[in-house]
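The exercises below work through the packing of a protein chain, each with a task and a stepwise solution. Please look over the sequence and the model before starting.

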Amino acid sequence: MTDFIDSQESRTSLPSLATHLPELMGRGMDFEDAFDHYLSVFVNGALDSDFLKPEYLKLMDHYESLIQPAVRKIEGAIQARVGVVFSSAWKADFRKALLSKPYMKLESMSSGSHGDCQACKLQDHPYSKKCTFTGQWYDPETLAEVNNEDDNSNEDDSSQERPMVIGDIPEVFKLGRFCAKRSSYHHQLNHYRYQILQKCKMKVNQVKECKLNKDDKDIFDQCMSNSQWKTKLREELEDLLKNADSYVDEKDHWK
Ligand SMILES: [Zn+2]
């Protein structure tokens, strides 16, 4: 079995391939297997971004029996933690930047400057980290970057919805140590799909550079047979999930 999608075949046979395999094989799938199938979605997506669109994703072999349960398992583990590490104390401008910008960098600040955390603006939370958000707003489903000039800045402090528009969102915030750690977890979890796609694109490009004249199937197979690369990515995700869980354990101390 391969999770590779043949683009020509898939596109030409789109209407007839709506298979309805029973969702049996995905049940009881362990995290490692689930991650493997999950990653295959993004390697396909790195080769052809159309395959992140739901209508194409469904064309993958064993979509209903393996791919969909794997995606649900991995993204379920991520989503279960996103809400927990989110803080209702974060102000609207910080929230927008956190939710819309796919890159976040934290740097320690010199002890020379003093002030309150600019995310929560609580007085007893002195800032100690400089946080810089960069990157472009993207469609959360297809992960395609979006150039959206419309202003749709509905401020809804009670939700974690991704803002559809970036507008004039400040990109630099000075954060207290609690908000820095917590928002870093939130950002990594919330932008995980985007980040994993970028990592798959890098790997695909590396393989393309050393394997001239190889077709997409060869590139896909080479990426997916690289167990060292896959293990590293899986362990990074496991660490992230563990860190988010450890935040939950210490949560009471963070108030
Ligand atoms: Zn704060």
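**Exercise 1. Helix 2 and helix 7**

Which residues in helix 2 meet which residues in helix 7?

Solution. The model is a predicted one, in which local features need pLDDT of at least 70 and side-chain atom pairs count only at pLDDT 80 or more, while totals for chains, interfaces and linings use all residues. Residues are numbered from 1 along each chain as its sequence is written. Helices (DSSP runs of H or I, at least four residues) and strands (runs of E, at least two) are numbered from the N terminus.

Step 1: on the helix 2 side the residues are Phe42, Val43, Gly45, Ala46 and Leu47, and they meet Ile196, Leu197, Cys200, Lys201 and Val204 of helix 7, a contact being a pair of C-beta atoms, placed from the backbone, that lie within 7 Å.

Step 2: the two helices pack at an angle of about 60°, with axes 8 Å apart, where axes are lines fitted to C-alpha atoms over the stretch in contact and angles run from 0 to 180 degrees between N-to-C directions. That angle makes helix 2 oblique to helix 7, since angles under 35 degrees count as roughly parallel, over 145 as roughly antiparallel, 65 to 115 as roughly perpendicular and the rest as oblique.

Step 3: by class, the residues of this contact divide into eight nonpolar, one polar and one charged, with Ala, Val, Leu, Ile, Met, Phe, Trp, Tyr, Cys and Pro taken as nonpolar, Asp, Glu, Lys and Arg as charged, and the others, Gly among them, as polar.

**Exercise 2. Arginine 81**

Is arginine 81 buried or exposed?

Solution. Step 1: arginine 81, found in helix 4, has 22 other C-beta atoms within 10 Å and is therefore buried, the rule being 20 or more such atoms for buried, 12 or fewer for exposed and partly exposed in between, with C-beta atoms placed from the backbone.

Step 1: leaving aside neighbours within four places in sequence, arginine 81 is in contact with Leu189, Leu241 and Ala244. The C-alpha atoms of arginine 81 and alanine 244 are separated by 6.5 Å, although the two residues are 163 apart along the chain.

**Exercise 3. Helix 8**

Find the buried residues of helix 8 and say where they pack.

Solution. Step 1: Ile219, Phe220, Cys223 and Met224 are buried in helix 8 (residues 216-224). They cover an arc of only 125° around the axis, which puts them on the same side of helix 8, the arc being that of the directions from the helix axis to the C-beta atoms.

Step 1: these buried residues pack against helix 2 (31-47) and helix 7 (192-210).

How values were computed
Contact = placed C-beta atoms within 7 Å.
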